[in-house]
Amino acid sequence: MVALHLDDLKQYSDVLRAKNGSEVKVRFVEPRDREELQSYIRSLSAGSRYNRFLGALSELPKTELERFIHVGEADRFTVVATMLVDGFETIVGEARYAFHADTSSVEFGLSIDDRWQGHGIGKALLKNLECRAASFGAERIFGDTLRSNATMIGLARKSGYAFTQSPGDWKLVRFVKEIHVEPQDIPCASWRLAATSRSAVMSSLAV
C-alpha cells in the first residue's frame, strides 16, 4: 500500500470541480474540523443521515466522531469536500474509506450536503476515491447502501459500478467496481505520484 506521511496531511489534498466550474477541495479531515464536521452531519436532512449511516441518528456519537477525525488508524481515512461559501471554507461533503489488505479492496461511504446535491460534487468525489483506492494498489472499490437510496444507486450506476447482494443484510445492496489501472495512469496527480513512489520502493526492495 502507499506510505502516507500523516504528519503533513495537506500534501494529499485535491482540487475538484463542480458542474458549474466551482472549485471543490478534498482533503483529509483534521482535529480542528471536529465541531464543523459534527455541525455538517447535524445539518443533513434526516433522510440523508439515514442513508449515509444506515440508520436514524441526529449526530455522530462522540466515539464515532473521534474515529472520523483520526486519519489512518486501522487503515481508515476520512476526507471532507469543502468550498468557499461567503468567503468561508465550508464542508459540503464527506467520505470515509478503509483499505482491506486481505481482500485488496477499498470500502467507502459518502454524503453530500442536501443544498449541494445535483451539482456534480458526489460524482467528482467518487472519482477521487477511486484514485485513492488505486494508489493503495487495491483491485476493487465497493460500498453498501440501502435499497431505497435511489440517489446513491443512481450515482454508482452512472459511474460504472456493478451491483450485487450485500452479505448478511437483505436491506442493503452492494456496488462494486474493479480497478484496472497502472500507478502511472491514475487520473489524479497527487495520488498518481504517491502510487508511483510506492511502486518504485517495492521494485527496489525486490532487487
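**View 1. The fold of the predicted protein chain.** This is a predicted model, in which local features need pLDDT of at least 70 and side-chain atom pairs count only at pLDDT 80 or more, whereas totals for chains, interfaces and linings use all residues. Residues are numbered from 1 along each chain as its sequence is written, and side-chain values use heavy atoms, with hydrogens and water left out. The chain has 6 helices and 8 strands, which are DSSP runs numbered from the N terminus (helices: H or I, at least four residues; strands: E, at least two). From the N terminus on, the order of these elements is β-β-α-α-α-β-β-β-α-β-α-β-β-α. Of the 207 residues, 48% count as buried, that is, under 20% relative accessible area with a 1.4 Å probe and protein chains only.

View 2. Ile 153 counts as buried because its relative accessibility is 12%. Leaving aside neighbours within four places in sequence, Ile 153 is in contact with Thr 145, Leu 146, Arg 147, Phe 163 and Val 173, where contact means heavy atoms within 4.5 Å. Arg 174 is 21 residues away from Ile 153 in sequence, and the two C-alpha atoms are 9.3 Å apart in space.

**View 3. The largest pocket and its lining.** The volume of the largest pocket is about 1000 Å³; of the 39 residues that line it, Arg 52, Gly 109, Leu 110, Ser 111 and Met 152 are the closest to its centre. A pocket is an open set of points, on a 1 Å grid over the protein atoms alone, where a 1.4 Å probe fits, with protein on both sides within 12 Å along at least five of seven lines, and lining residues have an atom within 4 Å of a point; the volume is the space filled by probe spheres set on the points. Strand β5 gives the most to this lining, with 6 residues.

**View 4. The buried side of helix α3.** In α3, Leu 65, Phe 68 and Ile 69 are buried. These residues cover an arc of only 85° around the axis, which puts them on the same side of α3; the arc is that of the directions from the helix axis to the C-beta atoms. Among the elements that cover the buried residues of α3 are α1 (34–43), α2, β3 (76–85) and β4.

Conventions:
Buried means under 20% relative accessible area, exposed over 50%, partly exposed in between (1.4 Å probe, protein chains only).
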